Amino acid sequence: MDAETFNAMYAVGTPVRVFPNTREDPPRITRTRTRAVQVQHGLAVVHVDGIRCGLDTRCIDPLPDNHPVEA
């Protein structure tokens with residue numbers, strides 16, 4: 001999904017399940033802290049709470065707004 005589409009569908013602060021390394025690793029439940037941006041080669045990335053680097057939007061599963069977030 002490109003950054004423009006991601007931003008239209010999900011606001012900053014959306015609860016998400018992220019897979020920081022691979023989808024085989026345990027996921028983390030957190031929230032987006034920035035809007036998605038388009039970077040090299042058409043990759044869309046977004047920053048989330050608790051992780052320094054931007055994550056590929058393909059490694060993020062948005063959750064319902066009322067989903068509890070890990071501290």
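Modeller: Strands here are DSSP runs of type E with at least two residues, and helices are H or I runs of at least four, both numbered from the N terminus. The model is predicted: local features need pLDDT of at least 70 and side-chain atom pairs pLDDT 80 or more, whereas totals for chains, interfaces and linings use all residues. Residues are numbered from 1 along each chain as its sequence is written, and side-chain values use heavy atoms, without hydrogens or water.

Biologist: In the loop between which strands does Thr 57 lie?

Modeller: Thr 57 is buried, at 7% relative accessibility. The class follows from the cut-offs, because buried means under 20% relative accessible area, exposed over 50%, and partly exposed in between (1.4 Å probe, protein chains only). The loop that holds Thr 57 lies between S5 and S6.

Biologist: How far from a polar atom of the Thr 57 side chain does the backbone oxygen of Met 1 lie?

Modeller: Contact means heavy atoms within 4.5 Å. Beyond its neighbours within four places in sequence, Thr 57 is in contact with residues including Met 1, Phe 6 and Ala 44. From the backbone oxygen of Met 1 to a polar atom of the Thr 57 side chain, the distance is 3.2 Å.

Biologist: Which residue is the bridge partner of Gln 38 in S4?

Modeller: An open sheet of 3 strands runs in the order S3-S4-S5 with antiparallel pairing, where two strands pair if DSSP finds at least two bridges between them. The edge strands, each pairing on one side only, are S3 (37–38) and S5 (55–56). S3 and S4 (residues 44–46) are joined by 2 antiparallel bridges. In S4, the partner of Gln 38 is Ala 44.

Biologist: How many residues apart in sequence are the parts tied together by Asp 61 and Arg 17?

Modeller: Asp 61 and Arg 17 form a salt bridge at 4.0 Å, N to O, the term requiring a side-chain nitrogen of Lys or Arg within 4 Å of a carboxyl oxygen of Asp or Glu. Asp 61 is in S6 (residues 60–62) and Arg 17 in S1 (residues 15–18), so the separation of the parts in sequence is 44 residues.

Biologist: Is Asp 56 buried or exposed?

Modeller: Side chains of opposite charge can pair when their charged atoms come close. Asp 56 and Arg 58 form a salt bridge, with the closest N and O atoms 2.6 Å apart. Arg 58 is exposed, at 57% relative accessible area. Asp 56, with a relative accessible area of 15%, is buried.

Definitions and conventions:
Polar contact = N/O pair within 3.5 Å; in protein donor to acceptor, adjacent residues only side chain to side chain.
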